Structure formats: structure tokens, C-alpha cells
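Subject: Structure handover

Hello,

Please find the structure below, followed by notes on what was found in it. The notes are meant for someone who has not worked with it before.

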Amino acid sequence: MYDFEVEKVLKWVKGSDAKFLLVQAPDGLKPYLSSLLEALEERGITVVLSGEHSWGGCDLAFCEAEALGIKHILHVGHHGPVRFKISGFNILFIPGYAALRL
């Protein structure tokens, strides 16, 4: 139903040597993330899906990631802010494109 750019995410994870990943998404997209989460877990990545609400690209789950000792955040469904820098975190923003069926 949605395209979450799985190949792009897997390339980023491999390139950044992520072993633990916090995935953050708006509530409406969370039910559709299973294929993305499974693809990550199949490659040995420990994935934590944030249970918090997400209101946009400027609303990142830094406190949650920090409390869990996670340095990689995948933010789904929003564009990243233009000016954004938090040391100690590696962040990837991906859109959630609707896959149209005709």
C-alpha cells in the first residue's frame, strides 16, 4: 500500500553500520511498516518502533533513542528539516509514498 524506499534504507543502514535502529512514523503509517521492519530484521538489525506520536520532521524521538542507547533514527513519512544538527545521532528521513493500484 505504501512505498517506504526499502532499498535506500538498507543501503543507509549498511553504510552507517547500524545495528540498532529506532523507527519513527506518524500513527497513520505505522500499520503499514511491516515489510520495511521485516527487511531490516532479516539483515540482523534490531528495530524499535517508536510508540510516540510524530507531528513532523522537526519532531524527532531523540529522548526515546537516547534512553534506549540508539544512535540511528529512521524517520518515515516526513521531509527532514532544512536546518537540523544533533551530534551523536545518524538520521535518515524517508517519505511514505502511496502505491496506487489502477
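K30 is buried, at 16% relative accessibility (buried means under 20% relative accessible area, exposed over 50%, and partly exposed in between, with a 1.4 Å probe and protein chains only). Its salt-bridge partner is D27, with the closest N and O atoms 3.2 Å apart; a salt bridge here is a side-chain nitrogen of Lys or Arg within 4 Å of a carboxyl oxygen of Asp or Glu. D27 is partly exposed, at 37%.

Before the rest, a note on the basis. This is a predicted model, in which local features need pLDDT of at least 70 and side-chain atom pairs count only at pLDDT 80 or more, while totals for chains, interfaces and linings use all residues. Residues are numbered from 1 along each chain as its sequence is written, and side-chain values use heavy atoms, with hydrogens and water left out.

How many salt bridges does a search of the whole structure find? The search gives 3. Besides the pair already described, K8 and E5 meet through their side chains at 3.7 Å, N to O, and D17 pairs with K19 at 3.1 Å between the closest N and O atoms. Both lysines are partly exposed: K8 has a relative accessible area of 42%, and K19 has one of 47%.

E5 sits in the loop between β1 (2-3) and α1 (6-16); helices (H or I, at least four residues) and strands (E, at least two) are DSSP runs, numbered from the N terminus. E5 has a positive phi of about 50° without being a glycine. D17 lies in the loop between α1 and β2 (20-24), and just after α1 this residue takes a positive phi of about 55°. For context, most residues other than glycine have a negative phi.

Now for α1 itself. Which residues of α1 are buried? They are V9, L10, W12, V13 and S16. These residues lie on the same side of α1, because they cover an arc of only 160° around the axis, the arc being that of the directions from the helix axis to the C-beta atoms. On the other side, E7, K11, K14 and G15 are exposed. For G15, the relative accessibility is 69%. The C-alpha atoms of G15 and E5, 10 residues apart along the chain, are separated by 16 Å.

The buried residues of α1 pack against β2, α2 (34-42), β4 (72-76) and β5 (90-94), where contact means heavy atoms within 4.5 Å. As for the helix among these partners, the axes of α1 and α2 come within 10 Å and cross at roughly 30°. Axes are lines fitted to C-alpha atoms, for helices over the stretch in contact, and angles run from 0 to 180 degrees between N-to-C directions. V6, V9, L10 and V13 in α1 meet L36, A39 and L40 in α2. The residues of this contact divide into 7 nonpolar, no polar and no charged (Ala, Val, Leu, Ile, Met, Phe, Trp, Tyr, Cys and Pro count as nonpolar, Asp, Glu, Lys and Arg as charged, and the others, Gly among them, as polar).

Regards
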